[in-house]
Amino acid sequence: SPIGNGAITQLTFTITNTVELAQKTGWSFSDTLPVGMTVAGPTSAISCDVGTSTGTLINAPVGGNSIVVTAGDLPAGASSCTISVPVKVTLPSPMVSAQDLSNGPLSGGTAGTPGTTDTFALIPPETAIVKVLPSVDLLAVPAASQSVEQGTPVTFNTSCTNAGPDVALGATCAVPSTGIPADATDVVTTCTPSSSPALDLRPGQSITCTTTFTPHTTGSVRLDTVASTSGSMDINPANDIAP
């Protein structure tokens, strides 16, 4: 699944045994993380579906960009063992588009090349790709509550703001008509700049919406302003709707 810029995800290596499930010792691998990705926390010990791996050394300093596994051991009877490493993505902000970070086999290149795994006595892994989306905090800003007489036009000015840190791709700001009384007249909602079709909002930019209508039935109504993004990761969806 895509992750947002600044998020942490698990990078898992699976070492699969051959069909007779005999003990395998002496394999190793080193992984150099792609640019923009670092080790985010302590590495889990190697975990096997059967038995216990002994003598396996894992070196993955927090904040570094390399993972080195040496003195590998697959115990007899184990079909596979795994090593999981939490990694964090930190790409320069503001991100203006989604990016793919790939991690694949070292094929004729130089050891230590970013985004490659160098193996010994192991069949190299397939390429793993994680899609990184711009991270944003879209904020719906409400209007103050107000009272109006029956038959008198009422106007609400609301907005949606991108608080950053990246660009909100495919951003929209809407005031759903579901909150407007069915018998209201002269109903108009205008948003500037228009978010139909969706647009890209840089950090600090806003979409402002003006909603007017004339109520004919007494009582209370609630209008919601709704902010959304189709191409970025909203890190705080709780403030996307403002009544």
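Two strands are said to pair if DSSP finds at least two bridges between them. With that term in hand, select strand β20, residues 225-229, together with β22: 2 bridges join these strands, which run antiparallel. Within this pair, Val 226 stands opposite Ile 241 in β22. Please bear in mind throughout that the model is predicted.

**The whole chain**

Now display the entire protein chain as a cartoon. It has 0 helices and 22 strands. How does its radius of gyration relate to the globule rule? The radius is 27 Å, well over the 18 Å that the rule gives for 243 residues, so the chain is more spread out than a compact globule. Along the principal axes, the C-alpha atoms fill a box of roughly 85 × 35 × 25 Å.

Switch to a surface view. The accessible surface comes to about 12,300 Å², and 56% of it belongs to carbon and sulfur atoms. Of the 243 residues, 38% count as buried. Among contacts with a separation of 6 or more, 74% are between residues 24 or more positions apart.

**The sheet of four strands**

Return to the cartoon and select β18, β16, β20 and β22. In that order they form an open sheet with antiparallel pairing. β18 (199-201) and β22 (241-242) stand at the edges with a single partner strand each, so one side of each is left without a neighbour in the sheet.

**The sheet of five strands**

Next, select β17, β19, β15, β14 and β21. This is an open sheet of 5 strands, listed here in its order, and its pairing is mixed. Its edge strands are β17 (185-192) and β21 (233-234), each of which pairs on one side only.

Zoom in on strand β14, residues 135-141. This strand runs parallel to β21, and 2 bridges join the two. Which residue of β21 is the bridge partner of Val 136? The partner is Asp 234.

**Thr 229 and its surroundings**

Select Thr 229, whose place is in strand β20. A polar atom of the Thr 229 side chain lies 2.6 Å from the backbone oxygen of Leu 169. The side chain of Thr 229 also reaches the backbone nitrogen of Ser 232, at 3.2 Å. Leaving aside neighbours within four places in sequence, the residues in contact with Thr 229 include Val 136 and Asp 234, the bridge partners visited at the previous stop. Leu 138, Ala 168 and Gly 170 are also among the contacts of Thr 229.

**Strand β12 and its partners**

Move to strand β12, residues 116-120. Strand β4, residues 28-32, pairs with β12 in the antiparallel sense over 5 bridges. Here Ser 28 stands opposite Phe 120.

**The aromatic pair**

How many aromatic pairs does a search of the whole structure find? It finds 1. To see this pair, show the side chains of Phe 13 and Phe 29. Their ring centres are 4.8 Å apart and their planes lie at 40°, so the pair is tilted. Phe 13 lies in strand β2 (residues 8-16) and Phe 29 in strand β4, so the pair ties together parts that are 16 residues apart in sequence. Are these residues buried or exposed? Both Phe 13 and Phe 29 are buried.

Methods
Residues numbered from 1 in each chain as written. Predicted model: local features only at pLDDT ≥ 70, side-chain atom pairs only at ≥ 80, totals over all residues. Heavy atoms only, no water. Phe/Tyr/Trp six-rings, centres within 6.5 Å; stacked < 30°, edge-to-face > 60°. Buried < 20%, exposed > 50% of the residue type's maximum accessible area, 1.4 Å probe, protein only. Polar contact = N/O pair within 3.5 Å; in protein donor to acceptor, adjacent residues only side chain to side chain. Contact = heavy atoms within 4.5 Å. Rg over C-alpha atoms; globule rule 2.2 N^0.38 Å. Areas by Shrake-Rupley, 256 points an atom, 1.4 Å probe, with all protein chains shown as cover.
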